[in-house]
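Trainee: I have a model open and want to learn how to read it. Where do we begin?
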Amino acid sequence: MRRQERTGWGGLAAMGFVLFAGGMELARTATPDPPCHLEPPCPLESRGEGEVCPAGPADESMPGGAMPSRLGVASCSASSCHGGPKGTNHAVSTFAATLWMERDPHARAAEVLHSGRSRRMAELLGIGPAHQARRCLVCHSMADLSPTPLPDDLVADGVGCASCHGDPTAWGSEHTLDAWKRMGREERAALGYRDLSTPLDRVNNCTRCHVGDAEHDVDHALIAAGHPRLVFEFAAYQKRYPRHWSPAGRAEVGDDFQARSWAVGQAATLAATARLLEARVSDQPARATSALPGGRWPEFAEFDCQGCHRSIAGVAPPAVDALRPGWSAVGTPAWQPWSQAGGALLTGSSAERDVDRGLADLRQLLERYWGPADQTRRGRIRLEARALAAAADRRAEAIAASNEVDLDDVATKIEALVAEGGPGIGSWEAAVQSVLALEAVLDGGPAQLGNAESDDVDRELAGLRESLRYPPRQETPPTMRRSDFKRLRANVP
Amino acid sequence: MGQHPRQLPPPLPRPGALVALVLLLAAPVAGPLQKSVGRADDLPPPTAAPAIGATTATTTATFKGTETCVRCHRSEQGEWTGPATTLHWREDAHSRAHLALAPTNERTAAIERVLGIEVRRTRACIACHSHAPAEPAVTAETPLLHAGISCETCHGAASAYLEPHAAKAWRFLPTEEKAAFGMHDLRSPAVKAANCADCHVGDIGSGRLVTHAMYAAGHPPLRAFEVEAFSAALGPHWRRIEAKPETVRAEAAAAGYRTEAAGPIDRSLIEGLGVLRQSVRLAADLAAVAERETPQVSWPELSLHDCLACHHELVLPSERPALGYRRHVPGRPTLPRWPLGLAGAALRSTGDPASVDDLLAPLLAEFDAVPFGSPRRVIIAAKGPLAGIDAAIARLAPGRAPSDEAGDRAAIEALAAAGATADDVDAARIVAAALLPALATSPAWGADERRAACDRIAAILGLDPAGMSPGSHRPAPTASPAIRTVRAAFVLPAPTSAR
């Protein structure tokens, strides 16, 4: 923490000024003030009851008033705390918030709610303006940390510090003390602090929004209104994330960091997906959901987009998709091809047999029948989803606890898929998961620090990735031929 | 048409239940394969409204076979027995419908392979592609005349009317009395539309439904169709009273015989309503089957819903959020939208302030409430719309005065308005098909304006971006024009007579 190098005449003068200003402030507040600092008449009076004045709670401007919320980025990013100027001669943590504000897309999460696309989405869903709709704000701001609506300036923070690190109201002061260093994980967690030191911690934090749960759900209605689909792979996201912390002394320097991140990420993402399925099939309307009347099962977002969203023009017989052998019955889409592809690449001990079996059982249940009205079947799906979530969680913890993680088995699996006479890559989702797994395999060790030299392998891998990119202006994957993938894959050693 | 043989088909299978499809729809020929599920007579009839024009005779008459018809109706033998069968067999595609069941047909072979069935023994195939679902199954030995969609498929099984209809006194009997003998009144637009829609939309009572599994296996999509235009394309084997010889017309006039009350435009509108009615009725009937058949539920049946609700490419920026979902839940499959254009124009032309969406609102609300709707609630929700459609048909059926130009103009404008708000190209296309003949001869617009408008609208007829036309196994058509462009073609200048 920065300290004043010396206290001298300048300091005295500064103190004097502060006292003077404080005196002026006291004098000002001696006369009755309007409860907020906006010029009367309040431009927000027309908002009606229950609206929170964006100027903040009335107490905030009064000395000795109630403790203001600490949710905002402002409370972390004081220049003497985490919002200092960047520099090489002091710890990264002193300018973590500065880095975050500069380069982190989460900082702009709430801005996007003002775009034309968001406005149209909110209109179609009938939820009021997007930047005020809880359904949007639970993911795009810190609204999910507050039972009451957030004031506008906190909404504008986007997905702020508190979203990932936890609500600092209880530990904001405490974490500056020496005693904090002696506190264990559980003690810190009891105060609301979220420990993000291991890949497992991190992925369980990310999946809340990037996969979803009962409160955060990008379902098919949202997608139909215009929301991008959610496709999450933890290791790839982590690798590309603009860090606002120093990797020194943290998980990043582990010998198997990338591999561990991939494996833990896949397992934990699968668990989160299964929990989301359970929430959806339980027909629990999410707290944030206001627009969907009645039931929501079958939830189309659980299924393969391209299973339905394909043109039927000019389809040559037979119309069965040759890219999905045995995955689904005629005319029904596959269930969660992304998760299935990822799960298929996970290998190992008996815990994974639970995972494999769980995936297979759910596939059986969901790909044969969609009926909305059958309570018995939905109960079964719920049980299976819960079992899969538990198995995947166990798997994730097993990987997290293991001393070393290597992905040789994964590499072998991918080789077997694309080898001559092998089953081949079944779908675009499987192809992308394979590519991202390959990245993790090739990276293997500690995190890349700085700009690594791009060599042939990286170029080939990049080429393979490019071949899988959505065509311009399309929200669908390119038509992918197995032979193309095989050929490109062969270039990557 | 609306044959309601007392035997009901066993319930239709849920998507993907291939084995069930085979077992449940196998015709009696496939004895050892047949599973006994809710066989025939113990099932109550569908709960939705009966088919228009159905009478007792239509349910009990039996088929005499096309060779009986050919004996008289094959050459010019007097003014009433024209060469119907010759024309029919020569030009009408229906006479070749059974060829789809031939094992040499490549597409059929693919469907058989994927679904694991034999089409010539599967009721769901025979029901539409040959002459009568109630008859014994078509076998390899069935003579050519019995296969295909024969005379009696549309005109009604002949056992009751075969003798009487040859008498001279028959020709001026009121059509209701003819129907009592089992002859379908195909001059009535509502009956005709129901007859066509039995196959072209579906009819549970006679076992006619193209399920989504069949589509996925390769069956071409059932195209959006407009009765008048499609009939004209058949090479019709009938003539309207006005086209009959002078002597016939004189006799008819003397007898006060009027078969076609509604004028040409109103016929299209009534038929549009009839097609929509069939679509709603199909949903309700299938929901009734699903209700009875727990846990072997045949719900949801994806083919009841709008194909294009799912089968559209995902692009950015997307037209669909831009156009909106008419205040329904985004992304929920709904009823097919293509019949709504014509039906909406029909409602408007009766002076009804309600739109067709208002009419269907109870049913569409069920599709909003739960994806695909809940069967029990769909049955209940369909009653109101069916009643509303029947009421609209009843208002239009008596027709207007022949010289009612203002009414004609109003009907044309209603059609144009329907086209200008069409949901998709298929909906626009059937509105165009109905609008063109009326507009081309309307005195309400100047010749030049009329021709320009007709050219614009005729261009719509050629569009098929979703590949919904038969034979969609040909190379993919060109990209769809924006719906706004299509809608814009329907904007008509103000009629000259109103200026």
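Mentor: Begin with burial. A residue is buried if 20 or more other C-beta atoms lie within 10 Å of its own, exposed if 12 or fewer, and partly exposed in between. Keep in mind that this is a predicted model. Now take helix H13 of chain B. H13(B) is mostly covered, with 26 of its 29 residues buried.

Trainee: What should helix H13 of chain B span, and what is the distance between its end C-alpha atoms?

Mentor: Count 1.5 Å a residue. For the 29 residues of H13, residues 264-292 of chain B, the span should be 42 Å. The end C-alpha atoms are 42 Å apart, so the two agree.

Trainee: How many helices and strands does each chain have?

Mentor: Chain A has 21 helices and zero strands. Chain B has 22 helices and zero strands.

Trainee: How is chain A divided into domains?

Mentor: Domain 1 of chain A covers 70-192, and domain 2 covers 220-287 + 324-490. Eleven residues of domain 1 are in contact with eight residues of domain 2 in chain A. On the domain 1 side, helix H3 (96-103) and helix H4 (116-125) of chain A are the elements that give two or more residues. H4(A) gives the largest share, five residues. By class, that side of domain 1 of chain A has seven nonpolar, no polar and four charged residues.

Trainee: Which domains are assigned in chain B?

Mentor: Chain B has domain 1 (18-188 + 200-254) and domain 2 (264-498). Here 24 residues of domain 1 of chain B are in contact with 35 residues of domain 2. Helix H10 (212-217) and helix H11 (227-233) of chain B are the elements giving two or more residues to the domain 1 side. The largest share, three residues, comes from H11(B). That side of domain 1 of chain B holds 14 nonpolar, five polar and five charged residues.

Trainee: How many residues are in the largest nonpolar core, and which have the most contacts inside it?

Mentor: The largest nonpolar core has 100 residues. Those with the most contacts inside it are A:Ala263, A:Ala267, A:Ala271, A:Leu388 and A:Ala392. Helix H13 of chain A, residues 257-281, gives the largest share, 14 residues.

Trainee: Why does this core lie between domain 1 and domain 2 of chain A?

Mentor: Domain 1 and domain 2 of chain A both give residues to the core, so it lies between them. Look at A:Ala271. Beyond its neighbours within four places in sequence, A:Ala271 is in contact with A:Ala389, A:Ala392, A:Asp393 and A:Ala396. Another core, of 98 residues, lies apart from the largest one. B:Ile111, B:Val191, B:Ala290 and B:Ala343 are among its residues.

Trainee: Why is A:Gly445 classed as partly exposed?

Mentor: Count its neighbours. A:Gly445 has 13 other C-beta atoms within 10 Å, so it is partly exposed. A:Gly445 sits in the loop between helix H19 (428-443) and helix H20 (456-467) of chain A. Leaving out residues up to four places away in sequence, A:Gly445 touches A:Asp255, A:Asp256, A:Phe257 and A:Gln258. Along the chain, A:Gly445 and A:Asp256 are 189 residues apart, yet their C-alpha atoms are separated by 4.4 Å.

Trainee: Which elements of chain A have the lowest and the highest mean pLDDT?

Mentor: Start with the whole chain. Chain A averages a pLDDT of 78, and 72% of the residues score at least 70. Among its elements, helix H1 (residues 9-30) has the lowest mean, 51. Helix H10 (residues 199-210) of chain A has the highest, 96.

How values were computed: Residues are numbered from 1 along each chain as its sequence is written. Chains are lettered from A and ligands numbered from 1 in the order in which they are written. This is a predicted model: local features need pLDDT of at least 70, side-chain atom pairs count only at pLDDT 80 or more; totals for chains, interfaces and linings use all residues. Domain bounds come from an automatic or database domain assignment. Two residues are in contact if their C-beta atoms, placed from the backbone, lie within 7 Å. Helices (H or I, at least four residues) and strands (E, at least two) are DSSP runs, numbered from the N terminus. Ala, Val, Leu, Ile, Met, Phe, Trp, Tyr, Cys and Pro count as nonpolar, Asp, Glu, Lys and Arg as charged, and the others, Gly among them, as polar. A nonpolar core is a set of buried Ala, Val, Leu, Ile, Met, Phe, Trp, Tyr and Cys residues joined through C-beta atoms within 7 Å. pLDDT is the predictor's confidence in each residue, from 0 to 100. The expected span of a helix is 1.5 Å times one less than its number of residues.
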